[in-house]
Amino acid sequence: MFKILLLLCLPITILGQNTIGLPEVVNYTKLLYKGGLQNWDIKQDRNGIIYIANNEGMLSFDGHFWNLYPLPNKTIVRSIAIGPDNHIYAGGQDELGYFIPAKNGQLQFISLTNLLKPAEKLFGDIWEIIPQGQTIFFRSEDYIFSYNQGSILSVKAPGKWVFMGSANGQVYAQDIKSGLLVFKNNSWQPVAENNQLPFADFITGIHALQPGTSLLTTLKNGLLLLNSNGARLLPSPNNQLFADARIYATATIDANRIALATSNRGVFIIDSTGHIIQSFSKTEQLQNNNVLSIFSDRQSNLWLGLDNGIDFIAYNSAIKHIKPLLQEASGYAMLIRGKQLLAGTSSGLFSVRLQDVEDLSFSKGSFSAVNNTKGQVWNLSEVNNSVLMGHHEGAFTIENNNAKAISNEPGFWNFIPLSPVFPSPRIAAGNYKGIRFFDYNGNQFTASGGMTGFDESSRYATLDKNNQLWISHPFHGVFRIQTENNSNAIVTYTDKKGLPSVLNNHVFTIKNEIVVGTEKGVYIYNSAKDLFEPSAFYNKLLGTLSIRYLKEDKNGNVWFIHEKTLGVIDFAEQQPRVIYLPELKTKMLSGFELIYPLDEQNIFLGAGQGFYHINYNKYKRTLPSLSVQVRKVTITQQRDSLLFGGYYTAANDTSLQPKEQVKVLNHKWTTIQFEYASPVFGVQTNLEYSYRLKGFSDEWSEWSARTEKEYTNLSAGTYIFEVKVRNSLGNESVPAAYTFKVLPPWYATWWAKLFYALLLIGLFYALYRWQLKKFIEQQEKFEAEQQKLKYIHELERSKTESELVTLRNEKLEAEINFKNSEVASAAMHLVKKGELLTKIKADLAQMMKRIENEQAVSEIKKMIKSLSEEEHMDEEWENFTKHFDKVNSDFVVRIKQVHPNLTGNELKLCTYLRMNLSTKEIAQLMNISVRGVEISRYRLRKKLGIGSEVNLFDYLLTLNS
């Protein structure tokens, strides 16, 4: 009875086991892809873009950007397919057709329902689309439509079409009445004489196994085999499991593996015999277990269309996740001994039995806890054919899934045999508080005390070829300890011994040399100088990167951790090269790094959650070929406008841009933005992009993970945007390009430039005319100013001359006045003289009367006679007239010319009158009486011919002027 129960339980136990390593699962929620909940079908075009039939339309995904394309009637898209003409065929409710690019490169839907007969247009949902040759088959429950060369033929279901698929180059369909049919000779024919299934069930998938044989999956009865004799149940212990899980869709991964999508158990990966290789459900991080569609892409990764969401399983990835516990537990230590894998975590030690497979991540089994190991397990070491465990609570040996304590002192980091001879009689162990020793005797480990004078925590410890123990403390430096002869001599190495700093130094033995990973690169110990020096070899490859961990594998490759990035120096080729594994960036546990390299197919890495397994040989071999595409181009002014939607003339032709799709942009669009992506799924974290805009700059940008670039305010011209992608191995893709032109603003066009040229010529001419006019005006102004200056000069000169004349006149007047004064003086002198002479003569006449002496009288008479002589008076007159004429402009000469008949006395009278002398003064000058003067004036008037009404003085003045 017990054996029967055991046999019954055994399959359940086996079925409950999964592979210990699982690929990464990426969850895409409705909020992320911005579509409906359910996803019914998945396909991939030749450029790698994924298309998904969604409740709200067709989704596309290029590895970075999601786009949604609804059908014209906004119904659910149930099925899609990539046709031989590169059209993306889609079927919905009462709608079928295909997507092709519009002129702007965005997908648009072309309906084919106009080719149907009116009675056929209410066909319901299109559940499958199968391209076969040049014909596209569409299945609804009532009809199968075949589209070819612009026409549609329809076949009405005898009962109800419930399945359509393809295998071995043929199209199969299931009708609930007619059974399983195959399309031959343009008609649907039974696949065998007995074309009914063993059970009344619906087929959900068909896969070719070998010529003439196919595997059928059914909804309720698991797996069937199909050949020329019909269908029969596949003998598999898992059929009941598959029947309970309800297989809803299938996908072929490769010749030996098929993926089954179920309604309540997630996904099973099986081989051709129906054995389960792997399984995925909510336990393995799926969003839910109801998988409506499944697709294996060109990299053999899996896409799952869920009842709520989309999941991606990096199934073909060389990196797998190992979690000994379902709950989170950090991975600190790992050891494989025989067929047993031991995993030390923050929650204890766990073990699992390994199967005989090359890639141990595919080994199926369940981890079990090792007794007496709860807590942090820091180290697992195989020493003297025994397994030693360093634990937070002490040191232990592991036997038969049990831990036995050999020291209860807390905190053991590592175990190092101190003798190259097996078995080593003495073992050093790094402890929280220094070094502890164990003796080995009779298959027993015995604690034998610790090293005195050294209490540094010794997590990093190694032994050199001279059996000297090297310890490093991240904050206190590196220590060399002599262990032979129990001398325990300690030498400390810090920045004074060549290291760049006291901090963050980690010592290791690599290629039989003592090296230290530092903040400034790798340093190597120079025993001759007893100091550390920068390693030329490592610096050439790694530069001065900060190195936290180093580990050499069996093939001589050196694994390293730079901050939170894992890399390896690969020596497989003639020249070593550095390969980074960016997929694992930030997933390692800082400060407690672990790399356990078993062989090239099995590299284990400690992580914040469990461990990671790396099939390094596969990692280098299976990296997909790279391609990159410009997925979207938008232009912006005050609003965004789509310039390019990611497709050229064919729906999945993104390689060559036709001339007619070279857009010409108005200058008003100030910003142009490019979105680009590489549809290489599962390695997106490996990818870096570089771009340039020819016509703007010929220099490629720095490599980065950025998938967008924008340019603003481009000048007029033709531009080519180019972008390329590279992976972690340094492989680069062929650049993708997008060409566009920017028009100049209207003021920079050729006709505007012509207008500017004409305007410039006109301006120059106007300027010339203006300058000429200005010159003429300036010349005229100058001449006018010169005339004015000349006039002013003339005025000034005239004024000067006038002033000179005035001065001269004033001088002349002064001279005249002076002369007149002299004349007047002379005249007065003559008057005085005449008066004196008259008085003298009168006095002499009186005297003569009183004198009786005749002689005296005679003499007096002579004297009177002399005084009365006229000759001397005439001479004085002549002198007087000369002076008078000088002063009065030759008055005497002038009056003689006008009145030549005037006598001398009349001339004198005129002269005296001109001098405006009084009658009395004239009488004295002329030696006549006053009456005589008046008579003479009267006579003079007559002689001059002037009347009594004319003033004689005025007349004489007029005559003088």
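User: Before we look at loops, what makes a stretch count as a helix or a strand here?

Analyst: Helices (H or I, at least four residues) and strands (E, at least two) are DSSP runs, numbered from the N terminus. The model is predicted, so to speak with care: local features need pLDDT of at least 70, side-chain atom pairs count only at pLDDT 80 or more, and totals for chains, interfaces and linings use all residues. Residues are numbered from 1 along each chain as its sequence is written, and side-chain values use heavy atoms, leaving out hydrogens and water. With those runs, the chain has 13 helices and 67 strands.

User: Where does Asn 443 lie, and what makes it exposed?

Analyst: Asn 443 sits in the loop between strand S43 (434-441) and strand S44 (444-450). Buried means under 20% relative accessible area, exposed over 50%, and partly exposed in between (1.4 Å probe, protein chains only). The relative accessible area of Asn 443 is 61%, so this residue is exposed. Its phi is near 60°, a positive value in a residue other than glycine.

User: Why is Asn 401 called partly exposed?

Analyst: Asn 401 has a relative accessible area of 30%, which places this residue in the partly exposed class. Asn 401 belongs to the loop between strand S39 (394-399) and strand S40 (402-407), and it too is not a glycine, yet has a positive phi of about 65°.

User: How do you know that Phe 412 and Phe 415 are stacked?

Analyst: Rings of Phe, Tyr and Trp (its six-membered ring) pair if their centres lie within 6.5 Å; planes under 30 degrees apart count as stacked, over 60 as edge-to-face and the rest as tilted. The structure holds 64 aromatic pairs. In the pair of Phe 412 and Phe 415, the centres are 6.3 Å apart and the planes stand at 5°, so the pair is stacked. Both Phe 412 and Phe 415 are buried.

User: And what makes the pair of Tyr 765 and Tyr 768 tilted?

Analyst: Their ring centres are 6.5 Å apart and their planes stand at 40°, so Tyr 765 and Tyr 768 form a tilted pair. The two are 3 residues apart in helix H6 (residues 750-850), which means about one helical turn separates them.
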